[in-house]
Amino acid sequence: MTDSLDWRRPTPAGFRWPDGVRAAACFTFDLDAESPVLFERPEARDWLDVMTHQAYGPRTGARRLLRVLDRAGVQATFFVPGWVAERWPDVVRAIRDAGHEIGHHGYLHESSRGASRELEAERFLRGLDALERVAGVRPVGYRAPMWEASSNLPGLLAEHEFRYDSSLMDADHPYRLAVDPSAPDGASIVELPIQWALDDWEAYAYLPGITGSGWIARPSELLERWTLELEALAAEGGLFVLTNHPFLSGRPSRAAALATLIERATALEGVWVGTCREIADWTASLPLEPVVHRTPVVDPR
């Protein structure tokens, strides 16, 4: 006999929001600046056009987005690579001083693909040290660069007392993520799920020969898409996590569309708009069974 799967209710077993709350939303920003291009294409450091395209984020876009958030009275989470904190310390400190959460986002926005456990840990600690030195903060949340999370990541985060990750895509609600499937103590961190449709990179980013197809979406298109997902997730009692990049969504018309979306989120009855840390702390207080992600086994035959 097997346990029955309760498909009739959208909320996972044991999960609930605080009294008076039916769903939640997090507005998050990856302050990548030049780092993703430099990691993938180190020769681009001499391409002034490309570097200025990326520098728009910390130089101009982040400031505009801080004004948008300030007008809306919303606290957001900014995931910052350590290298970006070193290169653009003033904007990182401005984000901190405006009351927003700063999360960890690698050192040079490095992919974990092909990296050893030791190399991944080295990059992680280098980025963490940079954020502490520059901004005087020790983050409790992490987002894998390009959302490329390795199976080593949960254990690495737990080892350094991180409370949550926001890199995985298998749920509509926050959940406890088992640190090690074989560990007897059931240690876990909180996972705040994301998805590609709630990211501005695929729709807005275009650098010839580097990223994008040349098609760039209108802000009204993304406003419609994101509003539909916001309202649908609210109806399901889920968590809406939007990922924006200041070098993309910091452009004037895009920031204006984002402001409209934030206004919609704050107007929805029963929707809690908070930082990732706030949502993670609430989830950690619930008696949830950790989700175990086991590596698939494929019969070579």
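**Exercise 1. A loop residue with positive phi**

Is Glu161 buried or exposed, and what is its relative accessible area?

*Solution.* This is a predicted model. Start with the location. Glu161 is found in the loop between helix 6 and strand 5. Next, take the backbone. Its phi is near 60°, a positive value in a residue other than glycine. Now apply the cut-off: exposed means over 50% relative accessible area. Glu161 has a relative accessible area of 65%, so Glu161 is exposed.

**Exercise 2. Two aromatic pairs**

Classify the ring pair of Phe124 and Tyr142, then that of Trp201 and Phe247.

*Solution.* A pair of aromatic rings is described by the distance of the centres and the angle of the planes. The whole structure holds 8 aromatic pairs.

- Step 1. The rings of Phe124 and Tyr142 are 5.5 Å apart, centre to centre, with 50° between the planes. This pair is tilted.
- Step 2. Place the residues. Phe124 belongs to helix 5 and Tyr142 to strand 4 (residues 141–142), so the pair ties together parts that are 18 residues apart in sequence. Phe124 and Tyr142 are both buried.
- Step 3. Turn to Trp201 and Phe247. Their ring centres are 5.5 Å apart and their planes stand at 85°. Planes over 60 degrees apart count as edge-to-face, so Trp201 and Phe247 make an edge-to-face pair.
- Step 4. Trp201 is in helix 7 (residues 201–204) and Phe247 in helix 9 (residues 246–249), so the pair ties together parts that are 46 residues apart in sequence. Trp201 and Phe247 are buried.

**Exercise 3. Other ring contacts**

Which residues form one aromatic cluster, and which rings have an Arg over them?

*Solution.* Phe15, Trp17 and Trp272 make up one aromatic cluster. Now look for charges. Arg8 lies over the face of Trp7, 4.4 Å from the ring centre. Arg254 has its charged end over the ring of Tyr204, at 4.0 Å from the centre.

**Exercise 4. A contact across the sequence**

How many residues separate Thr52 from Phe247 in sequence, and how far apart are they in space?

*Solution.* Thr52 lies in helix 2 (residues 48–72). Thr52 and Phe247 are 195 residues apart in sequence. In space they are 9.6 Å apart, C-alpha to C-alpha. Thr52 has a relative accessible area of 45%, so Thr52 is partly exposed.

**Exercise 5. Strand pairing and burial**

For strands 1, 2, 3 and 8, work out the pairings, then check the faces of strands 3 and 8.

*Solution.* 

- Step 1. Strand 1 (residues 23–30) pairs with strand 8 in the parallel sense, over 6 bridges. The bridge partner of Cys26 in strand 8 is Val241.
- Step 2. Strand 2 (residues 77–80) and strand 3 run parallel and are joined by 4 bridges. Val80 stands opposite His104 of strand 3.
- Step 3. In a regular strand the side chains alternate between the two faces of the sheet. Check each face separately.
- Step 4. In strand 3 (residues 101–104), Glu101 and Gly103 are on one side, Ile102 and His104 on the other. All are buried, and both faces are covered.
- Step 5. In strand 8, one side holds Leu239, Val241 and Thr243, the other Phe240, Leu242 and Asn244. All of these are buried too. That makes 6 of the 6 residues of strand 8 (residues 239–244), so strand 8 is largely enclosed by the rest of the structure.

**Exercise 6. Strand 7 and its partners**

In which sense does strand 7 pair with strand 5, and in which with strand 6?

*Solution.* Strand 5 (residues 164–165) and strand 7 (residues 188–191) are parallel, with 2 bridges. Asp165 stands opposite Glu191. Strand 6 and strand 7 run antiparallel, with 4 bridges. Here Ala178 has Ser188 as its bridge partner.

**Exercise 7. The largest pocket**

Describe the volume and lining of the largest pocket.

*Solution.* The volume is about 440 Å³. There are 22 lining residues; the closest to the centre are Ser150, Ser151, Asn152, Leu153 and Pro154. Helix 5 (117–135), helix 6 (153–159) and strand 6 (175–178) each supply at least two lining residues. Helix 6 gives the largest share, 5 residues. By type, the lining divides into 10 nonpolar, 6 polar and 6 charged residues.

How values were computed. Residues are numbered from 1 along each chain as its sequence is written. This is a predicted model: local features need pLDDT of at least 70, side-chain atom pairs count only at pLDDT 80 or more; totals for chains, interfaces and linings use all residues. Side-chain values use heavy atoms; hydrogens and water are left out. On a 1 Å grid over the protein atoms alone, a cavity is a set of points where a 1.4 Å probe fits but cannot get out, and a pocket is an open set with protein on both sides within 12 Å along at least five of seven lines; lining residues have an atom within 4 Å of a point. Grid points are joined across faces, edges and corners, and a volume is the space filled by probe spheres set on the points. Ala, Val, Leu, Ile, Met, Phe, Trp, Tyr, Cys and Pro count as nonpolar, Asp, Glu, Lys and Arg as charged, and the others, Gly among them, as polar. Rings of Phe, Tyr and Trp (its six-membered ring) pair if their centres lie within 6.5 Å; planes under 30 degrees apart count as stacked, over 60 as edge-to-face and the rest as tilted. Buried means under 20% relative accessible area, exposed over 50%, partly exposed in between (1.4 Å probe, protein chains only). A charge sits over a ring if NZ of Lys or CZ of Arg is within 6 Å of the ring centre and within 35 degrees of the ring normal. Two strands pair if DSSP finds at least two bridges between them.
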